[in-house]
Amino acid sequence: MFEAIFLQFLNGLDKGSAYALIALGLTLVFGTLGVVNFAHGALFMLGAFCAVLFRQLITLETVTLDPTQLSPWGAPLEVREPLVQSWFGDFGAVLVNYSVPFSILLTIPVMLVIGILFERGIIKHFYKRPHAEQILVTFGLAIVAQEIIKSIFGANPIPQPMPEEARGAADIGVWLGMQANVITYPIWRLVYFLFAGVIIGGVFAFLQFTTFGMVVRAGMADRETVGLLGINIDRRFTIMFGLAAVVAGIAGVMYTPLLPPNYHMGMDFLVLSFVVVVVGGMGSLPGAVAAGFLLGILQSFASMTQVKAIVPGIDQVIIYLVAVVILLVRPRGLMGRRGVMEA
Amino acid sequence: MTLLKRGLSRRRVLQTGMAGIIGTGVAPLMFTKGAWAQEFCNNPTGDTVTIGLNVPLTGAYAEEGADELRAYELAVKHLNGEGDGGLLNVLQPSALKGNGVLGKKVAFVTSDSQTKADVARAGATRMIERDGALMITGGSSSGVAVAVQGLCQEMGVIFMAGLTHSNDTTGKDKKRYGFRHFFNAYQSGVALGPVLGQEYGKDRKAYHLTADYTWGWTQEESMKNATEALGWETVAAVRTPLGAGDFSQFLTPVLNSGADVLILNHYGNDMVNSLTQAVQFGMRDREVNGKQFQIVVPLFSELMAKGAGANIKGIFGTSNWHWNLQDAGTKAFTKSFGAEYGAPPSQAAHTCYVQTLLYADACERAGTFYPPEVIKALEGHDFDGMGNGPTTYRAEDHQCMKNVLVVRGTENPTSEYDVLEVVQEVSRDAVDYDPSIFGGDLGPAEPAPMC
């Protein structure tokens with residue numbers, strides 16, 4: 001029984017990592033710009049497709065026809081040779097094997113530009129508008145982004161292989177002194193959890209220990225006063241939007257080996273992430289992270305056969321049930337601040 | 001007497017009466033072809049006949065849908081006398097002439113069913129009411145097939161099902177206007193059970209993950225029946241939502257359940273995801289109860305196998321058809337499809353292509369598009385040459401009775417298309433069953449007044 005509980009706990013941490021990363025970006029945008037960004041899921045999806053694009057580029061092939069061999073329908077067989085490997089040899093092979101982590105290098109500048117364009121091009125015009133209008137315009141942006149991706153990459157999921165070394169499962173039981181094969185867990189899911197920890201830690205450190213972060217935090221607390229001190233807080237907030245886009249994007253990149261990306265993957269995560277943000281408390285970064293992991297773990301435990309035998313279908317509704325209970329007991333969420341989204 | 005007084009002779013009354021009898025009774029028997037003009041839904045009056053293709057181009061079964069659409073386009077081409085003729089050359093018996101159907105060129109309209117029953121019904125309604133579709137066809141979900149089949153029965157339009165594998169399609173939800181060429185979950189269980197017993201022994205504990213809709217339920221039930229008959233124990237059967245994506249929360253409980261076989265009652269992208277993730281969890285490398293852990297995928301397709309890559313090597317399942325069979329029909333279709341699209345056809349493509357030809361052939365044999373006559377032509381029809389051996393469209397439930405393939409993921413593929421190998425061709429007699437076991441009622445054949 002201990003093994004089963006431990007495995008579900010690991011699974012919850014893994015699910016919670018994705019929820020927490022998306023909710024973190026959402027909260028960053030809400031806390032700095034005061035915008036309810038329904039396009040945030042689309043940013044997660046765009047990041048995932050940066051990984052797809054990167055892999056497509058590095059796996060470009062030359063195709064030649066071999067008339068000596070025939071396909072089952074009688075046409076000359078196509079012989080394909082990968083370009084990157086023929087140009088770079090072993091390094092090309094490494095590049096292909098590690099295409100997902102390497103694609104982060106492409107994703108960071110792309111998502112930064114996309115984030116800044118989103119903010120400067122459209123979202124800044126809605127700062128003083130009601131939240132309902134912000135939701136409508138950002139939701140519209142998400143649909144536009146989805147349809148662009150669908151028209152370029154098609155509607156079907158595009159699998160992204162993980163590096164060979166990360167395929168299969170790690171025997172965690174052996175690490176803990178148990179017998180082999182008692183507790184095993186996919187290596188990439190552990191990598192994703194660690195990655196999420198690094199990113200979340202990085203964002204907190206950036207806000208806590210840099211001058212830029214200090215100004216942003218001050219701006220979040222009192223925008224007008226910071227502006228009166230002669231600091232261009234708008235520009236910093238724009239950069240924060242770009243940063244939130246980068247966080248969402250690289251979270252999407254690293255998720256691709258777990259779930260082949262498709263154009264609506266952002267929407268699948270968006271609703272859940274909003275629940276996470278609301279449960280954590282609007283505008284609270286630690287709240288978003290804590291709620292992400294909490295709901296991930298609860299969802300995972302609710303999927304246990306023993307739990308479902310008592311309450312069938314509980315795994316599908318547990319997150320929303322918990323959200324209702326928490327909002328009834330603590331209307332501002334777990335770590336919500338007074339005055340945020342309150343009249 | 002009054003009539004006679006007004007100037008009508010007895011001779012005149014007899015003449016008029018006789019003309020009336022001939023006009024209303026005898027003439028239709030003498031001029032069968034075209035006798036039902038304007039009396040049924042979307043009776044084609046111009047020089048084309050339109051069929052409605054209702055395929056999933058998005059959603060969990062989008063890969064299958066795209067291949068189905070390619071097959072339909074090829075079938076229409078061949079029916080209209082274009083291309084190399086494909087299976088028109090090998091269908092036995094055949095009334096097809098390669099000049100369309102009953103002299104009319106075949107045209108088609110399409111709709112993306114999105115693998116959703118409500119969207120599929122709306123699409124089919126639009127194609128019937130707005131586009132004048134005479135016949136609706138498509139797949140690839142049994143939930144969708146059952147929903148659209150019911151609609152077609154109400155509207156008096158024939159539905160030639162694409163890929164649908166639930167027992168319900170030709171069982172409790174069967175309809176007079178619905179026909180299925182594809183095999184079903186019951187037949188998968190009957191065909192696969194003995195092979196699993198032979199390969200994995202009789203002392204096994206199975207854990208089912210099942211897509212939570214009609215197909216998954218009947219697939220699970222059929223596999224349970226087949227494996228429990230072998231002596232296997234069913235540890236748990238867990239339902240998963242269609243299109244769940246991340247199955248990790250359903251897979252973790254498998255690891256400590258004591259099960260040594262995981263049966264994935266998933267199809268399409270769901271199967272690709274659940275199988276890939278199960279392999280990532282190290283399930284194929286595990287030993288449980290002193291035995292090697294095994295994964296079984298009762299319904300396999302080439303497209304799924306390709307999507308799952310190396311993960312499917314050695315995994316058993318069943319298929320309706322496979323492109324590397326060596327009969328004349330399979331060779332003709334693979335050649336035709338491969339030349340057109342540069343890849344071999346999937347089983348989804350094959351069943352849709354065959355259904356289109358069978359409908360056209362039935363119209364030709366009936367000599368009319370009038371649905372009740374076309375239905376009669378299809379019911380109990382024996383044919384061969386389509387890649388599945390001698391086949392019968394069973395009259396009692398509109399289920400095609402034919403051989404079933406037990407397949408396995410190829411261990412050492414020789415090309416990117418060499419993903420499945422046929423382990424056994426189970427004869428149609430072995431997978432035959434009494435059509436009454438699944439209940440249901442075909443309903444009336446007369447066209448409904450709705451359309």
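How many residues of chain B are in contact with chain A? There are 33, and they meet 33 residues of chain A; here, contact says that the C-beta atoms of two residues, placed from the backbone, lie within 7 Å. Before going on, note that this is a predicted model, in which local features need pLDDT of at least 70, side-chain atom pairs count only at pLDDT 80 or more, and totals for chains, interfaces and linings use all residues. Residues are numbered from 1 along each chain as its sequence is written, while chains are lettered from A and ligands numbered from 1 in the order in which they are written.

Let's stay with the side of chain B that touches chain A. Helix α8(B) gives the most to that side, with 6 residues. (Helices are DSSP runs of H or I with at least four residues, strands are runs of E with at least two, and both are numbered from the N terminus.) By class, this side of chain B has 12 nonpolar, 15 polar and 6 charged residues. Nonpolar covers Ala, Val, Leu, Ile, Met, Phe, Trp, Tyr, Cys and Pro, charged covers Asp, Glu, Lys and Arg, and the others, Gly among them, are polar.

Chain B also holds an open sheet of 5 strands, in the order β2-β1-β3-β4-β5 with parallel pairing; two strands pair if DSSP finds at least two bridges between them. Strands β2 (105-112) and β5 (178-180) of chain B each have a single partner strand, so they stand at the edges. Strand β1(B) is joined to β2(B) by 8 bridges, and Thr48(B) has Lys105(B) as its bridge partner in β2(B).

Now turn to chain A. Helices α8 (residues 187-209) and α11 (residues 233-255) of chain A pack at about 170 degrees, their axes 11 Å apart. Axes are lines fitted to C-alpha atoms, for helices over the stretch in contact, and angles run from 0 to 180 degrees between N-to-C directions. The two helices are therefore roughly antiparallel, a label for angles over 145 degrees. Among the residues making this contact are Phe195(A) of α8(A) and Ile250(A) of α11(A).

Finally, compare two residues of chain A. Ser99(A) sits in helix α5 and is buried, because 24 other C-beta atoms lie within 10 Å. Pro130(A), in the loop between α5 and α6 of chain A, is exposed, with 9 such neighbours inside 10 Å. The cut-offs are 20 or more for buried and 12 or fewer for exposed, with partly exposed in between.

Conventions. Angles under 35 degrees count as roughly parallel, over 145 as roughly antiparallel, 65 to 115 as roughly perpendicular and the rest as oblique.
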